[in-house]
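Hi,

Here is the structure I promised to pass on. Have a look at it first, and then read my notes below.

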Amino acid sequence: MDFIKLQSILKEIGEPAFRYRQIKDAFTKQFVLDFKNISTISKSLAEDLAEKISPLSFKAEKILESKDGLSFKALLRLSDGAVIETVLLSPLPGRWSACLSSQVGCSLACRFCATGQGGFRRNLTSEEITDQVLFWKNFFKEKKLAGKFSSLVFMGMGEPFLNWPEVKSALKILIDKEFFNLGSRSISVSTSGIPDGIKNMAREFPQINLAVSLIFPNDRQRSQYMPVNRRFNLNQLKKALTYYFSKTNRKVFFEYVMFKGLNDQAAQADELIEFIKSIEGGAKLIHVNLIRYNAASGGFSPSDAKTTEWFKDYLKWFKDYLNKNKVGATIRKSLGEEIKGACGQLAGNQ
Ligand code: SF4
């Protein structure tokens with residue numbers, strides 16, 4: 001919803017100032033998606049507005065649901081014809097999370113990622129980003145899904161920090177009491193490792209969660225499979241994270257997608273531990289999420305369950321030894337594989 005446009009239309013047609021607030025609240029607090037469902041305005045005003053402005057900046061062309069009913073993927077057609085995908089899933093019983101896209105495609109071309117293989121088309125506007133939230137909040141309500149819609153993650157198509165002005169503006173609207181009023185801590189932004197973006201997050205949104213798709217713990221493999229590492233290597237990432245920790249003292253999540261025989265051996269576990277240890281505050285503040293790869297493209301295979309478990313225990317042993325606590329590494333269940341809505345599978349074409 002373009003709220004600036006809505007406000008100027010209401011002014012033009014001579015509606016009192018409070019009308020804007022009524023309508024804005026209906027969208028951002030009650031997640032209504034149709035003017036005629038707003039109980040506080042007249043039928044004629046609802047019809048007039050419906051002709052002048054569309055509540056969403058895209059049309060949902062298709063919504064796929066997994067057999068277990070725990071994940072949904074929507075294919076959204078934007079006004080210029082471009083297509084993005086966005087996902088709603090339930091990672092924990094009774095908890096729902098929307099996975100948002102920030103760009104149409106992605107320029108970073110990670111070799112294991114369907115989005116990256118499709119190339120980059122354009123940045124999304126902040127309206128196109130916040131509309132994904134509105135869309136899923138409405139869907140959640142209409143579908144009467146059981147549980148709580150508890151979080152948002154910027155882990156869909158695109159690198160959020162390469163579209164920072166629009167992502168930043170979307171984040172502001174999402175946490176603004178006058179608009180969506182969501183808790184900062186219920187939102188996570190995931191990056192492939194753009195140092196300036198990490199620093200911006202530390203300064204501007206210290207309460208919003210940060211995740212880093214680390215995936216490979218050494219420059220050689222990272223540069224081979226994630227070309228972004230040729231521009232911003234692990235040393236630069238380390239410096240940015242040191243800065244982040246000094247400003248926020250908050251936990252950062254390393255996303256570590258596990259590929260059979262590539263990054264799931266003792267050598268990589270040791271490198272990962274060394275990398276974490278080398279970051280000031282890292283041993284205390286980094287939590288590793290292990291995710292078995294979802295076969296998408298490029299001929300990679302997922303690590304088997306046993307190896308993934310072993311890798312987790314290896315990391316946890318290190319954490320226990322260092323911190324005397326039991327946190328540090330978790331195996332994250334991958335959802336949405338069959339609807340191609342899992343990490344790295346969003347391609348915008350099905
Ligand atoms: S993994 Fe993320 S950063 Fe890499 S190509 Fe895919 S969307 Fe882009």
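One thing before the rest: this is a predicted model. I'd start with helix 5 (residues 126-142) and helix 6 (residues 164-175), which pack with their axes 8 Å apart and at an angle of about 40 degrees. Angles under 35 degrees count as roughly parallel, so at about 40 degrees this pair is oblique. As for handedness, helix 5 passes helix 6 in a right-handed crossing. If you want to find the contact on screen, pick out S126, I129, T130 and V133 on helix 5, then E166, V167, S169, A170, I173 and L174 on helix 6. Sorted by class, that contact of helix 5 with helix 6 holds six nonpolar residues, three polar ones and one charged one.

Next, have a look at helix 7 (residues 195-204) and helix 10 (residues 234-248). Their axes come within 9 Å and cross at roughly 0 degrees, so helix 7 and helix 10 count as roughly parallel to each other. On the helix 7 side the contact is made by P195, I198, K199, A202 and R203. Helix 10 brings in Q236, L237, K239, A240, L241, Y243, Y244, K247 and T248. The classes in this contact of helix 7 with helix 10 come out as eight nonpolar, two polar and four charged.

Then there's a pair at the start of the chain. What is the angle between helix 1 (residues 3-12) and helix 2 (residues 17-28)? Their axes cross at roughly 145 degrees and come within 9 Å. This crossing of helix 1 and helix 2 is right-handed. F3, L6, Q7 and L10 of helix 1 meet R19, Y20, I23 and K24 of helix 2. Five of the residues in that contact of helix 1 with helix 2 are nonpolar, one is polar and two are charged.

Four residues from domain 1 and six residues from domain 2 make the contact. On the side of domain 1 that touches domain 2, three residues are nonpolar, one is polar and none is charged.

Last, the ligand. Which residues come nearest to the ligand? There are 13 residues around the ligand, and C106, C110, C113, G116 and S192 come nearest. By class, the shell around the ligand has six nonpolar residues, six polar ones and one charged one.

That's what I have for now. Over to you!

Cheers

Technical notes: Residues numbered from 1 in each chain as written. Predicted model: local features only at pLDDT ≥ 70, side-chain atom pairs only at ≥ 80, totals over all residues. Contact = placed C-beta atoms within 7 Å. Nonpolar A, V, L, I, M, F, W, Y, C, P; charged D, E, K, R; others polar. Axes fitted to C-alpha atoms, helices over the stretch in contact; angles between N-to-C directions. Helix = DSSP H or I, 4+ residues; strand = E, 2+ residues; numbered from the N terminus. Parallel < 35°, antiparallel > 145°, perpendicular 65-115°, else oblique. Left-handed = near helix turned anticlockwise from the far one by under 90°. Near = placed C-beta within 6 Å.
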